[in-house]
Amino acid sequence: MKLGKEILRRLQETLEFRENEFVSLVANKSGNPFEVLVATIISQNTNDRNTIKAMNRLKTLLGRVDPEKIEELPLKKLEEILKPAGLYRQKAKVIKEAASFLKEGKLNRILRIENLEEARKELMSLPGVGPKTADVVLSLTSSKPTIAVDRHIARISLRLGLVKNDNYNDIRNALISLFCSEDYLKAHLLLIKLGRTYCRPKNPKCDKCPLRDLCEYARKSGRAGKSK
Ligand code: SF4
């Protein structure tokens, strides 16, 4: 846990982020878990800017994004609205299916399940909902002690040497052990910001990274100077 606290301290000192950079935080402002789920599905394979654009189009049309309204919306119309986020046919189909499954408060009932793994399992039984989407929804809307792993977090975990492979559960477990449960959401957001700012897929900017003296990749590639 000590290392986790130190990592967070350095990231907090170095990185600045605004809530509106993260589609999950923007969607969560509505206080509507279904909106967080829809936003997370839309965000698959695209960036937050495109996702926010598609979400804004959906909200302008529907007002509140709830399963009943999505069910009434013709599939073609939903596809057209989701176009800015790419893969819009696939995403529209998945969102329609999720809406028909989650009508009449079913999502809130899942979020109230006390056991974290049971709640995850229920969410992951929905079409198009994998572990990342389930963890995003649970960590934001139910305060359950889980941490979602996106592509930035997976890359950073591998480079830091926290894990030896990019298996989702291995990374999630490593992060759950590294950080205190009250810090999971903060760690998730700060690691994404680190991935967007310094630890990019190509040519990571290790010379500017606050974690470089803790990083296996930087050490092996001779880029591990002293961090602050
Ligand atoms: S030191 Fe380089 S590789 Fe390691 S986490 Fe920082 S940017 Fe990524």
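Select Asp 135, which lies in helix α10. Helices here are DSSP runs of H or I with at least four residues, strands are E runs of at least two, and both are numbered from the N terminus. This is a predicted model, in which local features need pLDDT of at least 70, side-chain atom pairs count only at pLDDT 80 or more, and totals for chains, interfaces and linings use all residues. Residues are numbered from 1 along each chain as its sequence is written.

Is Asp 135 buried or exposed? Asp 135 counts as buried, because it has 25 C-beta neighbours inside 10 Å. The cut-offs: buried takes 20 or more other C-beta atoms within 10 Å of a residue's own, exposed takes 12 or fewer, and partly exposed is in between, with C-beta atoms placed from the backbone. Now show its contacts. Leaving aside neighbours within four places in sequence, Asp 135 is in contact with Thr 146, Ile 147 and Ala 148. Contact means C-beta atoms, placed from the backbone, within 7 Å. Next, draw a distance to Gly 161. Asp 135 and Gly 161 are 26 residues apart in sequence, and their C-alpha atoms are 22 Å apart in space.

Move to helix α9, residues 116-124. Ala 119, Arg 120 and Leu 123 are buried there. Look down the axis: the buried residues of α9 fall within an arc of 100°, so they line one face of the helix. The arc is that of the directions from the helix axis to the C-beta atoms. An α-helix has 3.6 residues a turn, so residues three or four places apart point the same way. What covers the buried residues of α9? The cover includes α8 (106-111) and α10 (131-141).

Colour the domains next. Domain 1 takes 2-17 + 147-220, and domain 2 takes 31-134. These bounds come from an automatic or database domain assignment. The C-alpha centres of domain 1 and domain 2 lie 27 Å apart.

Now select the largest nonpolar core, which has 64 residues. Such a core is a set of buried Ala, Val, Leu, Ile, Met, Phe, Trp, Tyr and Cys residues joined through C-beta atoms within 7 Å. Leu 37, Val 38, Ile 42, Met 55, Ile 95, Ala 98 and Val 137 touch the most other members. Domain 1 and domain 2 each give this core at least three residues. Zoom in on Ile 95. Not counting residues up to four places away in sequence, Ile 95 touches Val 38, Ile 41, Ile 70 and Leu 78.

Two loops come next. Asn 45 lies in the loop between α3 (33-42) and α4. Its phi is near 60°, a positive value in a residue other than glycine. Leu 87 lies in the loop between α6 (75-82) and α7 (88-101). The phi of Leu 87 is near 45°, also positive. Most residues other than glycine have a negative phi.

Technical notes:
Contact = placed C-beta atoms within 7 Å.
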